[in-house]
Amino acid sequence: MKIGYYPGCSLESSSKEYSKSLLAVAEKCGIIPEEIKGWSCCGASAAHNLNHDLAIVLPARTLAIAEEQGFTEILVPCAACYRRLAAAQYEVTTNEETHKKVESYLELKFSGKIKILSVIEFLQKYISPVADQYIVNNLNQKIACYYGCLLARPKETSTLKRTEDPLEMESVLEKTGAKLINWAFKTECCGASLSVSSTAIVAKLSGKIIENAVASGAESIVVACPMCHMNLDMRRPEIKKQIKKDLDIPVLFITQVLGLSMGIPADKLGLNNHFVSTKKVISSIVKKEA
Amino acid sequence: MHKMTIQKYPDCLRLQVEQATKINITECYQCGKCTAGCPLNGDMDIMPNQILRMMQLELPNYENKILKSLSIWLCLNCDMCYSRCPQEIKLSEIMDFFRQKSLRENKVNPKAKDILKFNQSFLENIEKNGKMNEIGLTINYKLKTFNLIQDVRHAPSMFFKGKLRLFPHKVQNIKEIKRLFRKTISNEGGSK
């Protein structure tokens, strides 16, 4: 079994800890994803905002070279990249005309039918079934699972069963012992790509998410997207100014939480790379009774 | 009194959108769920449901207003509107069409300049390296917008947390990426 790995640009820099913790958890369970050689940027929001064809061709290029390298499935942990790759795949596999156009841009032939795994699908398929034997800690934490928009919508690319109130992240984290709370902002948008160009808007949207998580009793927020993480974690000073409240609820990647429950040391999960301290989560770990 | 006349013409915005996106605009019956669910309804100058209604009316004046609006640039493509639309009208795709047309026709709302410049800086960055590099992107964006001090306070801590990469990783086959940019741009009528 050979799983291709598409880290995407964010996981090589601003969200290194996401990649680090994902690979650490996978390795613990005996899975070593193999990086796709020569992958390029998915084009992100910029491409689909400004250039329709480029927004399909850039992610399609990665699908094509992954296929060429013999992968049958690829793991795409970044929710934004996942959305772009899955959208390109949808276009190419449902519209023969688009498929031909993309092949002519790329100057190669490809089916576009490679299986793209979001982080949630990957964890459900490969980690959850074997997690029991590796989980050694209980997390004494109340956690709000935050999906954001890109994993939940649109229906053409989302793999979640319930659009407005999904439960897939909760089912992945069930065995960690954490208390997974009910809350209202699971799939609201954090402001995503406006982070730099309209910071005030992002502070407002992300502020609402943090406020609702805290009001619903959460002690930490768990995400599966580097943009959600950056907006909720790094943008905390702007958020505090916006909501006029000093909320220090930490924001963790789902893979970091799984890693902690599997006894992987905090530094190997990049938990010290965050802006809002994650100490409270780390100290909530209780050794599981044998 | 101003008399409203409905002018039907072959090149109306509604038809252009329908041709490009295969979405049937006339199916919208103004339930307003798109606007109710939109996270940015409080910041937009024209509401999402109004944009659809304005297209249905086929008046050049309204069409110009849409292309010059701030709303089309604020749209985050979060697809909340689409997921709640009883008629399954994919507004996010329509917004992409508007942004590209607005740029081509030089109608970008002045308040959206920073958003546009960020997206342009982003694409230039990918064209150069094949991957996004935060430092290169930020410098380019700052030079374009003169927002020189914005976010400077985040830079040192990002660096020490290992979240900034000083030297960009370049895709090996960067010539191919550049070729894809050139080819798509010439096909898209020069929008970039």
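1. Two strands are taken to pair if DSSP finds at least two bridges between them, and helices (H or I, at least four residues) and strands (E, at least two) are DSSP runs numbered from the N terminus. On that basis strand E1 (residues 3-5) of chain A is joined to E2(A) by two bridges, the two strands running parallel, and Tyr5(A) stands opposite Glu35(A) in E2(A).

2. This is a predicted model, in which local features need pLDDT of at least 70 and side-chain atom pairs count only at pLDDT 80 or more, whereas totals for chains, interfaces and linings use all residues. Residues are numbered from 1 along each chain as its sequence is written, while chains are lettered from A and ligands numbered from 1 in the order in which they are written.

3. The model scores ipTM 0.92 and pTM 0.93. For chain B the mean pLDDT (the predictor's confidence in each residue, from 0 to 100) is 89, and 93% of the residues of chain B reach 70 or more.

4. The pairing around E1(A) belongs to an open sheet of four strands in chain A, with the order E2-E1-E3-E4 and parallel pairing. Strand E2 (34-35) and strand E4 (115-118) of chain A each have a single partner strand and stand at the edges, so one side of each lacks a neighbour in the sheet. Three bridges link E1(A) with E3(A), again parallel, and Ile3(A) stands opposite Glu73(A) in E3(A). Between E3(A) and E4(A), which also run parallel, there are four bridges, and Ile74(A) has Ile116(A) in E4(A) as its bridge partner.

5. Helix H6 (residues 119-131) of chain A lies across strand E3 (73-76) and E4 of chain A, and runs at about 95 degrees to E4(A); axes here are lines fitted to C-alpha atoms, for helices over the stretch in contact, with angles from 0 to 180 degrees between N-to-C directions.

6. In helix H10 (residues 236-243) of chain A, the residues Arg236(A), Glu238(A), Ile239(A) and Gln242(A) are buried. They lie on the same side of H10(A) because they cover an arc of only 155 degrees around the axis, the arc being that of the directions from the helix axis to the C-beta atoms. A residue counts as buried if 20 or more other C-beta atoms, placed from the backbone, lie within 10 Å of its own, as exposed if 12 or fewer do, and as partly exposed in between. Pro237(A) and Lys241(A) are exposed, on the face of H10(A) turned away from its buried side. The buried residues of H10(A) pack against helix H8 (199-215) and helix H9 (226-234) of chain A, and just after H10(A), Lys244(A) takes a positive phi of about 55 degrees.

7. Chain B has 11 helices and zero strands, and the C-alpha trace of chain B spans about 60 × 35 × 35 Å along its principal axes. Buried residues make up 36% of the 192 residues in chain B. Of the contacts in chain B with a separation of 6 or more, 67% are between residues 24 or more positions apart, where contact requires C-beta atoms, placed from the backbone, within 7 Å. The domain assignment, automatic or from a database, gives domain 1 (13-108) and domain 2 (111-184) of chain B, with 28 Å between their centres, taken over C-alpha atoms.

8. The contact between the chains takes 42 residues from chain A and 48 residues from chain B. Helix H2 (44-50), helix H3 (52-68) and H8 of chain A each supply at least two residues of the side of chain A that touches chain B, and H2(A) gives the largest share of that side, seven residues.

Methods: Contact = placed C-beta atoms within 7 Å.
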